Amino acid sequence: MTYHATLGRSKYIQPDVFSAPETQMGFHPDAGASFYLSRLPGYLGEYLALTGEKLNGVEMIACRLATHYSLTEKLPLIEERLGKLITDDPSVIESSLQQYGDLVYPDSGGVLHKIETIDKCFSHDTVEEIINALENEASSSYDRWPAEALKKLKEASPLSLKVTLRSIQEGRFQPLDQCLAREYLISLVGITKQVSGDFCEGVRARWLDKDFAPKKMQWDPPSLEEVTKDMVDCYFTRLDELEPELELPTALREPYM
């Protein structure tokens, strides 16, 4: 099960990985991503959202993106156990999952061992400042990580980077329903090409022609310097008065049985 599927409670089944590669496709992390990524340790959420870096199952457990780790061969037992439950009480589900969990320990070279450097570089208010911090880190470190993060940022849509960073920053102070409503609006603006056709270009390059490479991508605008504040603001503003806002039935949840 993914984090999206349960809106905050995830079971990790080996050998899946987690990533949020949307900026590489001219889009933004959605489906509640601005809520849960912004609540990861430090500024790990900004790092994952902007670079699209992958996490393995152990790293997902360590940074609280997942709650339990189980080997693939246990999946039929888990499905059988959960299928027999007649309640959605989280404590009952939790105790059921614990029966099939495996102990895991983060690799010494994993992303969480870089959290201090990640916080140092990704705690800034703008994408330009983040890139500058990474460049300084790359010039003074023997670690390949800063250079690899820079490469990912420079391959991504400049507009998507700025929209995504703002979305994660706002999500840190908003409840889930507001995050989902904002992400819905951002998606509408992106899909309808009100500001840019980056999403269509990203889909073409990655899924259709499969020629995804920085020199072949035609991002619009092509550089961070050309992305204006007004462009970014459009993704956080209703398209018109007739466009309905996303309304979620937050008060209609059925009680535990």
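Accessible areas here come from the Shrake-Rupley method with a 1.4 Å probe. On that basis, the protein chain of this predicted model exposes about 14100 Å², of which carbon and sulfur atoms supply 55%. The chain has 257 residues, and 42% of them are buried. Its secondary structure consists of 13 helices and two strands. Where contacts join residues at least 6 apart in sequence, 72% of them link residues at least 24 apart.

Two packed helices are described by the angle between their axes and the distance between the axes. Helix 3, residues 44-51, packs against helix 9, residues 145-155, at an angle of about 50°, and the axes are 8 Å apart. This angle makes helix 3 oblique to helix 9. Helix 3 contributes Tyr-47, Leu-50 and Thr-51 to the contact, while helix 9 contributes Trp-145, Ala-149, Lys-152 and Leu-153. By class, the residues of this contact comprise five nonpolar, one polar and one charged.

On the side of helix 7, the contact is made by Thr-117, Lys-120, Cys-121 and Phe-122; on the side of helix 8, by Ile-130, Ala-133, Leu-134 and Glu-137. This contact of helix 7 with helix 8 has five nonpolar, one polar and two charged residues.

The structure holds four aromatic pairs. In one of them, the ring centres of Tyr-47 and Phe-122 lie 5.3 Å apart with the planes at 70°, so the pair is edge-to-face. Because Tyr-47 belongs to helix 3 and Phe-122 to helix 7, this pair ties together parts that are 75 residues apart in sequence. Both Tyr-47 and Phe-122 are buried.

Tyr-47 also pairs with Trp-145, in a tilted arrangement with 5.5 Å centre to centre and 55° between the planes. Here Tyr-47 lies in helix 3 and Trp-145 in helix 9, so the pair ties together parts that are 98 residues apart in sequence. The cut-off for a buried residue is under 20% relative accessible area; Tyr-47, at 3% relative accessibility, therefore counts as buried, and Trp-145 is buried with a relative accessible area of 6%. Tyr-47, Phe-122 and Trp-145 form one aromatic cluster.

Key:
Residues numbered from 1 in each chain as written. Predicted model: local features only at pLDDT ≥ 70, side-chain atom pairs only at ≥ 80, totals over all residues. Heavy atoms only, no water. Axes fitted to C-alpha atoms, helices over the stretch in contact; angles between N-to-C directions. Helix = DSSP H or I, 4+ residues; strand = E, 2+ residues; numbered from the N terminus. Parallel < 35°, antiparallel > 145°, perpendicular 65-115°, else oblique. Contact = heavy atoms within 4.5 Å. Nonpolar A, V, L, I, M, F, W, Y, C, P; charged D, E, K, R; others polar. Buried < 20%, exposed > 50% of the residue type's maximum accessible area, 1.4 Å probe, protein only. Phe/Tyr/Trp six-rings, centres within 6.5 Å; stacked < 30°, edge-to-face > 60°.
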